2 protein chains.
Amino acid sequence: MYDLIIIGMGPGGYEASLTALRKGLNIAIVEKDKLGGNCLNRACIPTKYLRTGAHLIQKLKDFHKYGINIDSLSVDYSTAWKYKEETIKFLRKSLLNLLKSKKVPLYKGEGVIIDKNKVLIKKNDGSEEILEGKHIIISTGSIPSSLGNIHPDGKFVITTEDYMDKLQTLPKTMLVVGGGVSGCELSYIMAKYGVKVYVVELKDRILDTDIISPEISKFIHRKLKNLGVDIFLGTTIKEYKVEDGKVLVSLSNGENLEVDKILLSVGRKPNSLVDEIDIEKDERGFIKVNPYLQTNYENIFAVGDVINSPMLAHVAQYEAKIAMHNILNPDSKISVDYSLIPFAIFSVLEIASVGENEITAQKKGIDVETGYFPFMYNEKAVDEIENEGFVRLIFDKNTQRLIGGYIVGIGASELIHEISLMVKSKFTAKQVHEFIYFHPSLSEIFAYASYDTAIGKLF
Amino acid sequence: MYDLIIIGMGPGGYEASLTALRKGLNIAIVEKDKLGGNCLNRACIPTKYLRTGAHLIQKLKDFHKYGINIDSLSVDYSTAWKYKEETIKFLRKSLLNLLKSKKVPLYKGEGVIIDKNKVLIKKNDGSEEILEGKHIIISTGSIPSSLGNIHPDGKFVITTEDYMDKLQTLPKTMLVVGGGVSGCELSYIMAKYGVKVYVVELKDRILDTDIISPEISKFIHRKLKNLGVDIFLGTTIKEYKVEDGKVLVSLSNGENLEVDKILLSVGRKPNSLVDEIDIEKDERGFIKVNPYLQTNYENIFAVGDVINSPMLAHVAQYEAKIAMHNILNPDSKISVDYSLIPFAIFSVLEIASVGENEITAQKKGIDVETGYFPFMYNEKAVDEIENEGFVRLIFDKNTQRLIGGYIVGIGASELIHEISLMVKSKFTAKQVHEFIYFHPSLSEIFAYASYDTAIGKLF
């Protein structure tokens with residue numbers, strides 16, 4: 001009997017296995033697809049690879065200001081795609097080598113929990129095997145959602161997974177359905193690699209979620225538009241048909257578009273068909289867990305996209321750490337705490353947010369005072385010629401403590417952790433202001449964005 | 001009578017003026033040279049501008065992996081130099097506009113303190129004027145040090161200030177004297193813009209200071225060498241002469257070099273000849289201050305390079321904040337605290353350090369345990385094809401608390417603040433490990449570098 005069976009080797013499963021191995025547990029891993037899950041193979045990692053390329057293309061226009069004169073240039077997406085594959089292969093291989101070096105059995109197939117201590121493996125080669133484990137972690141992730149009237153066919157209508165797995169050359173025109181995170185990220189990549197992109201978004205702003213301030217949506221909308229991306233808000237696809245190798249689309253706003261492909265980017269749903277023992281799920285299919293991440297069987301835990309928490313790789317990793325702590329320390333279990341989850345998006349500019357913003361604070365009845373500073377006057381951003389964007393810090397008006405913030409612009413996805421750490425440590429505006437940041441650094445935006453609250457207004 | 005007279009408008013003076021204006025003080029500023037001081041005009045800001053260019057040149061070799069094919073390219077330092085000037089002009093102008101909009105009198109000339117409340121301005125136009133102030137802040141900075149036997153002539157032997165102010169085109173060959181911060185930064189810039197660079201360093205490692213671990217010196221030495229920079233350790237210039245437009249140099253190790261120029265980069269000394277009232281100085285010329293940054297006159301404060309604290313722009317800014325607090329709150333003064341000053345260097349790779357390292361900890365009798373993680377396995381660094389370098393975290397072995405750390409590689413100068421914040425908040429290894437970092441982000445190196453100490457070793 002294994003100490004632990006992990007079903008699904010994405011970020012959650014990977015993190016759990018690392019901790020288990022360090023603690024000397026005897027583990028088995030079940031994975032029906034590639035190691036690394038959706039994150040490594042079709043989402044976070046390849047997206048950021050291609051976004052790095054897109055952003056370098058964007059930066060080329062300023063290279064002459066550093067005396068770098070490019071006389072002749074061509075851009076070829078398929079090469080980027082090929083190296084994107086190399087990159088994720090390298091990372092997958094590292095993962096595999098680690099498991100091999102620790103002699104961890106890796107079962108390639110689907111795992112079905114048939115008893116609270118038994119997992120039936122329906123192997124990819126057709127055979128079956130039953131494993132026994134004291135504990136089980138379900139980290140089976142999620143799959144793309146669909147829309148009622150739009151049917152992915154892998155050719156004219158594709159999912160974000162199809163995009164990463166198969167789309168080795170880009171079409172001339174693309175209609176992206178959904179102006180959420182993936183929609184905004186892939187639109188930027190395609191736009192910089194030469195695609196004419198259209199985005200339809202049901203809601204009245206892109207990135208329409210409480211954790212993204214409308215100020216950000218507006219800013220990014222304008223920047224995408226400047227790049228030539230046409231965005232239709234409050235709009236849906238009424239109908240579409242394929243004709244002569246083109247997709248003809250009628251939008252709810254009366255406009256008609258002719259595009260090469262439709263990219264469906266409308267979120268994801270839990271991949272929770274993993275058991276025959278009535279593990280409890282909610283009405284949307286998420287596996288129900290208690291604050292210790294236990295399912296209705298106390299030895300079976302679930303982490304990541306398959307439970308109803310933010311669908312983010314680092315949330316899965318965090319949950320895996322908490323689940324492992326609780327497996328290892330049944331008498332001193334700890335609860336999950338989702339109060340400080342950093343969130344980042346890589347579009348025209350980097351976007352990141354953590355803790356409260358004006359909207360979430362208002363909903364909780366907290367009076368806020370905000371501090372703003374644009375990258376335009378940050379010397380490091382100016383030196384890098386990446387001086388667009390801003391930071392906004394959110395302070396509790398009564399206590400002057402930092403309770404959250406967001407950043408649009410260079411380095412946002414790293415700088416956000418400084419806000420996160422300062423919120424965690426209950427910094428006041430004055431502490432944020434007087435903390436010593438290297439000069440010149442992007443981090444200095446925090447000293448300036450806290451000036452008004454900490455010291456007083458300049459104007 | 002002014003509330004405050006600030007002598008010297010570098011980072012310290014600038015920061016003091018910002019706080020003073022926000023508090024409604026009536027201030028006057030004295031500056032004999034350009035606004036922004038050495039930092040803005042000849043050091044931090046232009047160096048980072050040119051380093052950005054150098055690093056983009058370095059990155060060009062990987063552009064094809066993003067499908068960006070550059071067929072024909074030329075590199076021209078003088079254009080970079082020109083735009084560097086534009087950049088610092090823009091920032092200087094922002095500063096000037098701020099002072100103008102607040103109607104702050106700006107006296108262009110040298111300030112000499114002739115009485116505890118009086119500053120004589122020897123104006124650049126030859127005239128003189130006496131200002132009266134309740135308080136005075138001396139923030140007059142520093143000037144380049146010289147070596148006994150090497151005499152800058154602005155042509156064959158230049159200082160780092162000459163380099164930034166005047167060197168619009170680069171020579172074919174350069175001998176850099178001093179392998180400290182400026183030496184390592186300028187060597188990288190010159191090497192990438194096509195100069196054959198030699199470095200002589202008296203000590204037996206480059207970056208030889210307690211706050212830089214020898215592990216870093218060794219790593220950067222090897223990287224510079226790979227770029228074609230020849231470094232002579234434990235070596236000095238025995239003699240040199242100019243002949244036929246070349247500098248012929250004999251080194252103490254017996255080697256002879258023929259170079260176009262010598263760049264003297266051997267540190268800086270305080271610019272403290274600012275008074276006729278016996279403000280106390282130490283034997284090296286630094287103005288003496290108490291922990292509240294007061295000189296021997298309680299209404300006269302000194303901040304920045306002119307006092308004996310780390311010669312860094314952000315230390316000057318921090319000191320200016322403390323001095324201003326003490327001017328504004330004479331009954332609740334606060335002391336300076338130099339325990340968490342981030343330090344960063346922009347050479348072949350970024351380098352940053354904060355708090356204790358193995359050496360400083362040992363000197364204080366602290367037993368340490370260290371955590372290491374290379375960027376090679378950080379997905380974000382891999383996506384950016386900037387996967388060289390590493391982080392090392394320093395934990396107190398007894399308490400498992402983080403007490404410092406250093407980073408070599410992408411983003412080091414920003415990521416260092418996360419270490420700084422975690423040290424300040426007394427994070428244990430387990431807290432560093434379980435903190436939620438965005439995935440994929442460079443910041444995740446902290447979760448992995450703390451794994452061994454927090455959870456246990458993998459091998």
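**Entry 1: B:Lys426**

Is B:Lys426 buried, partly exposed or exposed? I counted 13 other C-beta atoms within 10 Å, so B:Lys426 is partly exposed. The cut-offs I used: a residue is buried if 20 or more other C-beta atoms lie within 10 Å of its own, exposed if 12 or fewer, and partly exposed in between, with C-beta atoms placed from the backbone. B:Lys426 sits in the loop between α11 and α12 of chain B. Helices (H or I, at least four residues) and strands (E, at least two) are DSSP runs, numbered from the N terminus. Phi of B:Lys426 is near 55°, a positive value in a residue other than glycine.

**Entry 2: the model**

I note that this is a predicted model, in which local features need pLDDT of at least 70, side-chain atom pairs count only at pLDDT 80 or more, and totals for chains, interfaces and linings use all residues. Residues are numbered from 1 along each chain as its sequence is written, and chains are lettered from A and ligands numbered from 1 in the order in which they are written.

I looked up which residues touch the most other members of the largest nonpolar core; they are A:Ala323 and B:Ala323, in a core of 296 residues. A nonpolar core here is a set of buried Ala, Val, Leu, Ile, Met, Phe, Trp, Tyr and Cys residues joined through C-beta atoms within 7 Å. Not counting residues up to four places away in sequence, B:Ala323 touches B:Ala16, B:Ile137, B:Leu293, B:Phe301 and B:Val303. Contact means that the C-beta atoms of two residues, placed from the backbone, lie within 7 Å.

I then followed B:Leu293, which lies in the loop between β16 (268–270) and β17 (300–302) of chain B. B:Leu293 counts as buried because it has 27 C-beta neighbours inside 10 Å. Beyond four places in sequence, its contacts include B:Glu319, B:Ile322, B:Ala323, B:Asn326 and B:Val336. Phi of B:Leu293 is near 75°, a positive value in a residue other than glycine. Most residues other than glycine have a negative phi, and most peptide bonds are trans.

**Entry 3: cis peptide bonds**

I found that the peptide bond from A:His439 to A:Pro440 is cis, with omega near 0°. A:Pro440 is in the loop between α12 (429–434) and α13 (445–449) of chain A. In chain B, the bond from B:His439 to B:Pro440 is cis, with omega near 0°, and B:Pro440 is in the loop between α12 (429–434) and α13 (445–449) of that chain.

**Entry 4: chain A against chain B**

How many residues does the contact take from each chain? I read 74 residues from chain A and 74 residues from chain B. Elements giving two or more residues to the side of chain A that touches chain B include α1 (11–22), α4 (77–101), α8 (313–328) and α11 (412–424). By class, that side of chain A has 37 nonpolar, 22 polar and 15 charged residues. Ala, Val, Leu, Ile, Met, Phe, Trp, Tyr, Cys and Pro count as nonpolar, Asp, Glu, Lys and Arg as charged, and the others, Gly among them, as polar.

I took α11(A) with helix α11 (residues 412–424) of chain B: the axes come within 9 Å and cross at roughly 15°. That makes α11(A) roughly parallel to α11(B). Angles under 35 degrees count as roughly parallel, over 145 as roughly antiparallel, 65 to 115 as roughly perpendicular and the rest as oblique. Axes are lines fitted to C-alpha atoms, for helices over the stretch in contact, and angles run from 0 to 180 degrees between N-to-C directions. Residues meeting here include A:Leu415, A:His417 and A:Leu421 of α11(A) and B:Leu415, B:His417 and B:Leu421 of α11(B). The residues of this contact divide into six nonpolar, two polar and four charged.

**Entry 5: α3 and α6 in chain B**

I also checked helix α3 (residues 44–59) and helix α6 (residues 181–192) of chain B, whose axes come within 9 Å and cross at roughly 45°. That makes α3(B) oblique to α6(B). The contact involves residues including B:Leu50, B:Ala54 and B:Ile57 of α3(B) and B:Tyr188 and B:Ile189 of α6(B).

**Entry 6: B:Gly355**

Last, I looked up B:Gly355, found in strand β19 (residues 350–355) of chain B. B:Gly355 is buried, with 24 other C-beta atoms within 10 Å. Among its contacts beyond four places in sequence are B:Ile419 and B:Val423.
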